[in-house]
2 protein chains.
Amino acid sequence: MDTKTLMARASGKEKATKVFKNARLLNVYTKEIEKVDIALEGDTIIGTGTYEGKETIDLEGAYVAPGFIDGHVHIESSMVTPERFASLIMPHGTTTVIADPHEIANVTGKKGIRYMLKCAKRTPLSVKMMVPSSVPATTFETSGATLSSKDIDAIKDLEGIFGLGEVMNDPGVINGESDIHEKLTIMKDRPIDGHAPGLSGLDLNAYILAGVMTDHECETTDALLERVKKGMYVHLREGSQTRNVKDLLPAVNKNTLSRLLFCTDDKHPEDIKQEGHINYNVNLAIKYGIDPIDAVCMATLNAANCYGLKDLGAIAPGKKADFIVFDSLKSIHPNMVYKNGELVCENKKMLVDIEPYQDKALEHTVNIKMDDLDFTLFLKHNRVHVIGLNENNITTKKLIKSVKTKEGIYQNNEEDDIMKLAVVERHRASGNIGLGLVEGFGFKHGALAMSIGHDSHNVLVLGDSDEAMERATRNVVDMQGGIALAERNGRVQALQLEVAGLMTKAPHKTVEKTLGEMKETLRIMGLNETIRDPFIQLAFLSLAVVPKLKLTDRGLFDVDAFKHIDIETKEDE
Amino acid sequence: MDTKTLMARASGKEKATKVFKNARLLNVYTKEIEKVDIALEGDTIIGTGTYEGKETIDLEGAYVAPGFIDGHVHIESSMVTPERFASLIMPHGTTTVIADPHEIANVTGKKGIRYMLKCAKRTPLSVKMMVPSSVPATTFETSGATLSSKDIDAIKDLEGIFGLGEVMNDPGVINGESDIHEKLTIMKDRPIDGHAPGLSGLDLNAYILAGVMTDHECETTDALLERVKKGMYVHLREGSQTRNVKDLLPAVNKNTLSRLLFCTDDKHPEDIKQEGHINYNVNLAIKYGIDPIDAVCMATLNAANCYGLKDLGAIAPGKKADFIVFDSLKSIHPNMVYKNGELVCENKKMLVDIEPYQDKALEHTVNIKMDDLDFTLFLKHNRVHVIGLNENNITTKKLIKSVKTKEGIYQNNEEDDIMKLAVVERHRASGNIGLGLVEGFGFKHGALAMSIGHDSHNVLVLGDSDEAMERATRNVVDMQGGIALAERNGRVQALQLEVAGLMTKAPHKTVEKTLGEMKETLRIMGLNETIRDPFIQLAFLSLAVVPKLKLTDRGLFDVDAFKHIDIETKEDE
């Protein structure tokens with residue numbers, strides 16, 4: 001549109017193309033509710049006030065807020081591709097995400113990031129893609145790819161690449177290691193996300209000085225306030241497993257507000273369906289006493305300010321027409337979601353159907369020779385280290401237990417709650433298998449295998465018989481990725497995750513339904529009732545950076561000692 | 001410094017180079033006071049907390065705040081060059097200014113902007129230089145230069161050029177005129193300042209949509225709140241003439257705070273000396289009940305956020321070491337000012353002396369042929385339009401008066417308070433002289449001439465005898481710019497402003513002293529006691545965009561009718 005016409009329409013001398021009449025607008029700048037019309041041209045808001053339009057939509061006094069922004073999310077954790085992910089979250093009012101494709105990058109490197117960019121572009125969702133900074137996350141497991149500073153330099157100017165993903169290697173940063181500092185230098189003029197659980201004091205200063213500007217790992221108000229004081233923006237995270245919003249709300253007040261935003265990090269489709277997405281963070285905040293407009297600010301303007309998204313986060317002249325329409329300030333559930341001026345969701349349903357982009361090269365990533373597979377666990381003696389679950393937490397306990405052996409081979413014991421865990425390297429068919437024992441899952445007579453295993457995503461197999469473990473693994477290999485539950489009776493339930501072994505191109509409903517059914521079966525098999533999500537609980541048992549005892553394809557790993565250890569205890573233990 | 005060492009010092013493993021112990025830090029992020037040490041390496045703050053330093057400075061519990069930012073200033077209004085200006089304002093705690101060299105650009109165009117950049121670079125002051133958007137401000141007077149969109153394109157990438165200066169032509173913006181929209185398009189990814197007194201409603205929407213992000217012309221809380229609601233940042237201005245802070249403070253609260261900042265716009269050296277600079281805005285806010293830390297936020301973090309100055313506005317890891325040390329939160333007067341980690345002011349004195357940069361080409365800008373000069377005012381009849389002063393305001397009244405004439409020539413009348421005003425074109429020796437009459441100055445028996453006359457800066461001459469007017473003008477021409485006061489007794493007092501006729505390279509004390517003496521003489525001559533600053537009062541009589549009656553080198557100008565008019569009234573008037 002020519003400038004003269006645009007100005008004539010914004011200033012009301014001509015009718016605007018589209019006008020929303022009678023909105024109750026949540027003004028994020030003054031934290032007031034205004035009764036106004038909102039005028040649009042194309043994807044842009046040209047003004048608020050009293051307007052006449054060629055097309056008018058009467059909102060009849062409904063509330064209008066800017067579209068929500070998820071400040072940090074791994075789309076892969078939804079187990080659906082970005083197209084399906086958009087359909088999953090946009091009905092809940094999220095119109096923009098800062099996405100870190102850390103998981104797919106660990107499997108397929110730059111190829112995976114390019115794939116995510118291509119998928120994201122097909123959706124109405126704004127996806128600001130970070131380049132993962134920490135691939136692989138550790139050197140204690142075999143990953144599918146490495147992203148060096150040279151790799152980051154090579155892709156940083158691709159369309160859609162926005163900033164540097166969560167910097168996990170805080171000891172590396174603080175010790176001045178060149179690899180991570182090269183990455184920080186390359187991306188120094190872009191947003192750089194942090195990940196610094198437990199970091200504080202002068203070490204935190206060094207981490208911030210290095211260029212890291214956010215953290216989403218706060219679990220206490222003290223941690224949050226220290227970060228805000230030192231100039232960081234802090235995400236209040238509410239994911240499937242990590243639920244921090246309620247604990248952090250006491251630190252939210254009018255003084256700190258502008259430095260706080262929301263994220264989900266990792267959230268499974270069934271949780272999104274049941275609870276919502278960023279609107280769930282907002283609603284939790286409202287429930288616990290935060291002013292609804294302040295809560296909305298955290299989900300909109302604050303996130304936009306944090307990431308320098310000048311045309312997002314508010315409803316004002318010149319901003320993108322991303323907004324939601326809803327009825328109640330007690331709990332926000334959008335009736336309508338507009339993205340770039342177009343109605344994309346109505347009554348919690350996505351109105352556009354996007355066929356996923358296909359890249360066959362990403363659908364053959366489970367590279368295991370089945371003939372090599374052997375889950376036999378030889379033990380020198382029967383007093384062993386066992387991983388103990390901390391329920392609904394990705395940390396674990398380091399237990400010592402006595403187990404049954406026969407001729408130096410571990411034997412399952414129906415009387416205890418210990419199961420065998422295997423991590424099967426799946427990127428280069430190396431034949432690496434890490435074997436260990438876990439206590440706490442509670443189910444019997446079967447095995448669960450999955451190609452999601454943080455962060456290198458080797459195949460994790462948990463079971464009480466080698467036969468079932470092999471059957472579950474074979475199923476995952478045959479599907480070229482996914483989750484398989486093999487029962488003693490021969491039945492196998494499976495969810496195929498063919499894209500890098502992490503995501504499916506199928507609609508998110510398939511994931512919700514299949515995982516729901518598998519969880520039901522696991523409950524019947526005896527799954528510990530306190531375990532909210534057995535798949536997440538399993539997927540993090542290989543993450544060697546979170547205490548205390550983990551298992552990688554190279555064996556048992558003691559996180560506190562920061563080294564691999566034997567399963568068998570030493571004499572002095 | 002290598003990264004390893006920097007990280008070791010930030011994290012306290014090695015001693016930092018410089019540590020300020022026992023600060024009471026005004027934390028702009030949480031609005032709290034923290035007792036901390038502040039560690040520096042070079043020009044950068046590496047951390048706050050408990051530090052040991054190679055050099056330590058014990059602040060003994062003194063307050064520390066970030067250096068202040070003036071969000072909008074015309075350095076030329078101080079009548080000293082940027083080097084001298086830095087010495088004038090930095091002792092009051094201002095360490096960064098967003099400067100619009102609108103005045104010198106009206107005289108000398110791009111050359112003047114380059115000159116200002118060179119001067120600014122010699123000072124410790126951070127000068128973020130805007131390209132003036134509105135040169136000339138109007139087409140009703142003869143200016144020394146024009147800055148077209150092509151000119152702006154040509155200089156926009158010069159080192160130090162920051163954004164687009166105040167967009168004055170709001171009707172042009174709203175009507176979609178190509179010249180101003182071309183400028184807006186060229187600078188669309190940079191900060192763009194506004195100037196929109198009285199603009200509101202849908203016209204304001206169009207103005208913001210066009211890309212303007214700030215306004216410093218608010219005089220009422222309604223105007224301020226409307227701008228904030230629509231996404232603008234608003235400056236609370238306190239200059240020599242325009243004093244808005246007190247009127248706007250009722251709109252400052254915890255909800256609006258983050259969108260508000262301070263500026264001076266135009267402030268004379270004697271006012272800066274007496275009151276202070278941005279600290280005066282802060283102190284006024286404190287005096288009228290704003291929380292001191294909130295007031296400091298407006299002068300620091302908010303301005304930095306508004307202009308995207310990521311490394312300024314706070315004391316935190318990675319920020320530039322710009323800060324002030326002071327004793328009282330009731331009224332902030334820094335004892336010490338640090339800029340880029342160096343002590344630059346102590347006890348209200350600048351510690352570094354910077355010799356001004358010299359560009360001889362800018363010192364010959366008063367181009368008037370004295371032989372052409374004739375102040376004779378011919379009148380067809382004696383009922384005439386007279387400019388009436390509004391005291392301490394740049395607006396004027398349109399009066400009708402009867403005056404004394406002799407053979408069709410205006411005669412001064414000792415009995416009235418009317419003086420003759422001339423605007424002598426001085427850029428191209430065109431011989432243009434605009435002649436008019438003014439009521440309200442009150443002084444007698446002399447003439448005041450000056451080469452400051454907004455915005456084209458022709459020579460303004462005010463007097464009650466043609467002889468004294470000629471003498472004062474000749475003095476300004478001989479000095480190649482300045483202010484000259486000629487008395488009937490033959491005495492002439494003068495302040496040379498040799499740089500573009502606007503600024504002197506002499507220290508600011510010279511300006512303060514000379515103007516003080518001249519003002520004293522004017523008082524003796526009868527200057528109306530209510531006129532705070534006769535020089536400012538005179539300098540704006542040529543500004544043809546502010547109501548109601550003004551005089552340019554092309555004649556009397558009726559701002560409401562937006563056209564030149566005759567001095568003599570028409571029969572129906």
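**Exercise 1. The interface**

How much area is buried between chain B and chain A, and what percentage of it do carbon and sulfur atoms give? Work it out for this predicted model.

*Solution.* Let's start with a general point: the size of an interface is often given as the accessible area lost when the parts come together. For chain B and chain A, that buried area is about 3,900 Å². Carbon and sulfur atoms give 60% of it.

Next, look at the residues taking part: 49 residues of chain B are in contact with 48 residues of chain A.

Then turn to the polar side. There are 14 residue pairs in polar contact between chain B and chain A, with both partners at pLDDT 80 or more. On the side of chain B that touches chain A, the elements giving two or more residues are α1 (3–10), β2 (32–41), β3 (44–49), α5 (170–174), α7 (201–209) and α8 (221–229) of chain B. Four salt bridges are found across the interface of chain B and chain A. You can look up this salt bridge in your viewer: the side chains of A:Asp203 and B:Lys13 meet at 3.4 Å, N to O.

**Exercise 2. The symmetry**

Find which rotation superposes chain B on chain A.

*Solution.* A rotation of 180°, with 0.1 Å of shift along its axis, brings chain B onto chain A with an RMSD of 0.1 Å. That is the relation of a two-fold axis. To locate the axis, go to B:Lys254: of the residues of chain B, its C-alpha comes closest, at 3.0 Å. Finally, compare the two sides: 98% of the interface residues of chain B are also interface residues in chain A, so the copies meet through the same surface.

**Exercise 3. A helix and its cover**

Identify the buried residues of helix α8 in chain A, then what covers them.

*Solution.* Within α8 (residues 221–229) of chain A, the buried residues are A:Ala223, A:Leu224, A:Glu226, A:Arg227 and A:Val228. Their cover includes α7 (201–209), β11 (214–215), β12 (233–237), α9 (245–248) and β13 (260–263) of chain A.

**Exercise 4. One histidine**

*Solution.* Now check its partners. The side chain of A:His508 makes a polar contact with that of A:Glu512, at 2.7 Å. Setting aside neighbours within four places in sequence, A:His508 is in contact with A:Val80, A:Arg84, A:Ser87, A:Leu88 and A:Pro269.

Note on methods:
Residues numbered from 1 in each chain as written. Chains lettered and ligands numbered in written order. Predicted model: local features only at pLDDT ≥ 70, side-chain atom pairs only at ≥ 80, totals over all residues. Heavy atoms only, no water. Buried < 20%, exposed > 50% of the residue type's maximum accessible area, 1.4 Å probe, protein only. Helix = DSSP H or I, 4+ residues; strand = E, 2+ residues; numbered from the N terminus. Contact = heavy atoms within 4.5 Å. Least-squares fit on C-alpha atoms with pLDDT ≥ 70 in both. Buried area = accessible area lost by both parts, 1.4 Å probe. Polar contact = N/O pair within 3.5 Å; in protein donor to acceptor, adjacent residues only side chain to side chain.
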